[in-house]
Amino acid sequence: MSAESINIITIDFPDPDHTETIDDSFDRLASNESFEFPVQNIQTLSSKGVERGDDPYGLLYIPALQTDECRDAEKDYVPKNATRLDNLPHDVQYALIAVAPWFSSTCMKEYFATARNEPVKAFIVYQPDPESTATPPETNDKAWAMNDGGSWQYSNQFPTYAVPGASGYLIASQMSNYSGNISTVPHGDSLKQLYPETDYVRLWAKVAADSGTQLPSLWVFLVIVLGLLILIIGATSLCMHVVQRRRRNALRRRVINGEVDLEALGVKRLTVPADYLSELPVFPYLGESDHVEKSMAQASTTADAETSPKGLPLSRRSSAPDAPKSYASAMFAQSTCPICLDDFEPKESQVRELPCRHIFHIDCIDPFLLNNSSLCPICKQSVLPPGYCPSKITNVMVRRERLISRRRAQNAAGHTHSPGNIVARLPGAYDSFRARVGGTTGGRRIFSAPSRTQSRPADIEMSSGTPPVPRAGITAAATTAPEIVAVPQPTQQNGVEECPEPPSDQPQQRREWARQRALALLGNRHGPPGGEEEEQVRSRWRRGLNKIFPGFR
Amino acid sequence: MSASAKKRIMREYGECMTEKPAGMKINFDEQNMTKWEVLMDGPDGSAYAGGHFKLEIVFPNEYPFKPPVVSFRTKIYHPNVSNDDKGSMCLGLLRPDEWKPPNKVVAVLRLIQSLMVEPNIDDAIEPSIGNEYKENRKEFEKNAKDWVKRYAK
């Protein structure tokens, strides 16, 4: 805290030896018959020991020197009878402000050493040049060098202020005027009539330190920069949070509108909530009755007419107009549970029917739907209703969905080119990402040779107990959301629009294609299975960063 | 692994025992039923005829919702089998996204047999072997027979 001004006035206070009650009260002498001087151009050399709102004040005096050399040298700068400690009452410790000329560093050390042992509240030094009126140099100037590395500032328990030489000499000379008894001071005659003769008339000073809130400029600068940085980070974070929130809401809306199928896209592995699962029909298996054959015939001829028996609002297929049927018709050809391979016992086995009309033992299908997937294990059709949206749309889901749709748009745009080029253009990260996504769910593969289905030997298709998969899913999807044909339904396994044909002409291209394909296949097997696990793998700071900057990659 | 999965594996093993698919032998360990060891003979008429191939089938904990993992323990010169110490295969119904719970191990074994008769070039995991099979059948058969002599006797 630097001093803004030092105000010097003349005071009268009673001699403690001659008064009954000792108190700190004093009288300020009238300005027209005393010395008053506001010191300007003050340089603060040290602000040690000054608290805010606690301005140092005290009687002015010149501390004693210890060595004769200094005492001799002092004579050139200090009038002979300037106020010393001896000129002040001895028994009472008044607050003091020391005044001394800075004519040599060794003598300055002696001044400070004396002052440290006395109740000094502040130290005023002045430069030896009596003509100087400018503000003295700053504290690190060589004029204040003590050759002790500045430790004097720390060993002194009081602040030190430097005043211009001219002011210093003026104060010192006035101190010589006000060092004797009341009759010797200027206007002593008139003062004698006002105050007892034993009273002391001395100079008194109060340092007006500034408010102290002002920090050194470097700190101010740093604080401002830091503040700005925090502000920018905060604003960016806020913006990203807002944007991410809007994206989440948009994704939720699109999921609810049926434009996006999170699980089919491989964005998120959904599971079926228990309360919804309990709504799916459960009934005892009725056995292979006439209904079954009838429905089988129907299923094979007009698969499109297949509809959920009760017109379930939850069914993924929007229902075809006709025919509510009995439960029995639902179990077309299934006589065994596809999961445990046990036969259903007529009228005994409790079976659960999914919206795609496949039936399973309750014990077999429920844990799977609750914990693993929301897709029918047989036809990969979603069990969840079209507008179903998981309660929490996470930023990871938003990111994946955006990435997938962006890649898809790119693919669609680049489809006019040779497919080999597409493969070559895909960045590696995309491959691994898609491989991962492909591994999570019943999503499609990235690179698939369309001719594979034909070349596959016939006998590896397992037919026992596999019912004909109703085709209605595709058509319904097309009718409900015709504008989003690019969003595949899980039943469109072989990704017609996306999987590039193997380039057939150039062997070089073809080899490259096959290599990519093989890599993708391996990626399928080693990729992390789900979004949550992947999140855990990420490092902690990365997660923290993502919390502050959602959507940041 | 859940009890139902174990039950299913037991059941499938039982079916394999009753059906006795030709040209293979299954070693089943009651203690560790998730890992089957299959000895498969190279099908007659293929380049692998006369060879005996050891296969390993490992059932994942999520079986039957996830496909079993098949690997050749005997080295085989085949476009669909990776040419490393893993000898892994990943195609057709063994692919996670194509696997369905109703599929059975017998079907997997039949798929492997048929692939030994006729490799699936479009799904080749070893493209160089696949190319050779397509463009230079004689060279391929020579190599395959060579490997059979070397590793599969």
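**Close-up views of a predicted two-chain model**

**View 1. A loop asparagine in chain A.** A:N41 lies in the loop that links β3 (37-39) and β4 (43-46) of chain A; strands (E, at least two residues) and helices (H or I, at least four residues) are DSSP runs, numbered from the N terminus. The model is predicted: local features need pLDDT of at least 70, side-chain atom pairs count only at pLDDT 80 or more, and totals for chains, interfaces and linings use all residues. Residues are numbered from 1 along each chain as its sequence is written, chains are lettered from A and ligands numbered from 1 in the order in which they are written, and side-chain values use heavy atoms, with hydrogens and water left out. Most residues other than glycine have a negative phi. A:N41 is not a glycine, yet its phi is positive, at about 50°. With a relative accessible area of 36%, A:N41 is partly exposed (buried means under 20% relative accessible area, exposed over 50%, partly exposed in between, with a 1.4 Å probe and protein chains only).

**View 2. A loop histidine in chain A.** A:H187 is found in the loop between α4 (165-177) and α5 (188-194) of chain A. Although A:H187 is not a glycine, it has a positive phi of about 60°. Its relative accessibility of 42% makes A:H187 partly exposed.

**View 3. Strand β6 of chain A and its partners.** Six of the six residues of strand β6 (residues 96-101) of chain A are buried, so the strand is largely enclosed by the rest of the structure. On one side lie A:L96, A:A98 and A:A100, and on the other A:I97, A:V99 and A:P101, all of them buried. Strand β5 (residues 57-61) of chain A pairs with β6(A) in the parallel sense over three bridges (two strands pair if DSSP finds at least two bridges between them). Within this pairing, A:L59 has A:L96 as its bridge partner. Strand β7 (residues 120-126) of chain A also runs parallel to β6(A), joined by six bridges, and A:I124 in β7(A) stands opposite A:V99.

**View 4. The largest nonpolar core.** A nonpolar core is a set of buried Ala, Val, Leu, Ile, Met, Phe, Trp, Tyr and Cys residues joined through side-chain atoms within 4.5 Å. The largest one has 63 residues, and those with the most contacts inside it include A:W102, A:M108 and A:F123. Strand β9 (residues 200-209) of chain A gives the most to this core, with seven residues. Residues touched by A:F123, leaving out those up to four places away in sequence, include A:V99, A:M108, A:Y111 and A:F158 (contact means heavy atoms within 4.5 Å).

**View 5. A lysine in strand β9 of chain A.** A:K206 belongs to strand β9 of chain A and is partly exposed, at 36% relative accessibility. A:K206 and A:I9 are 197 residues apart in sequence, but 8.6 Å apart in space, C-alpha to C-alpha. Beyond its neighbours within four places in sequence, A:K206 is in contact with A:S5, A:I6, A:N7, A:D55, A:P56 and A:Y57.

**View 6. Chain B.** Four helices and four strands form the secondary structure of chain B, in the order α-β-β-β-β-α-α-α along the sequence. Of the 153 residues in chain B, 59% are buried. Among contacts in chain B between residues at least 6 apart in sequence, 53% join residues at least 24 apart.
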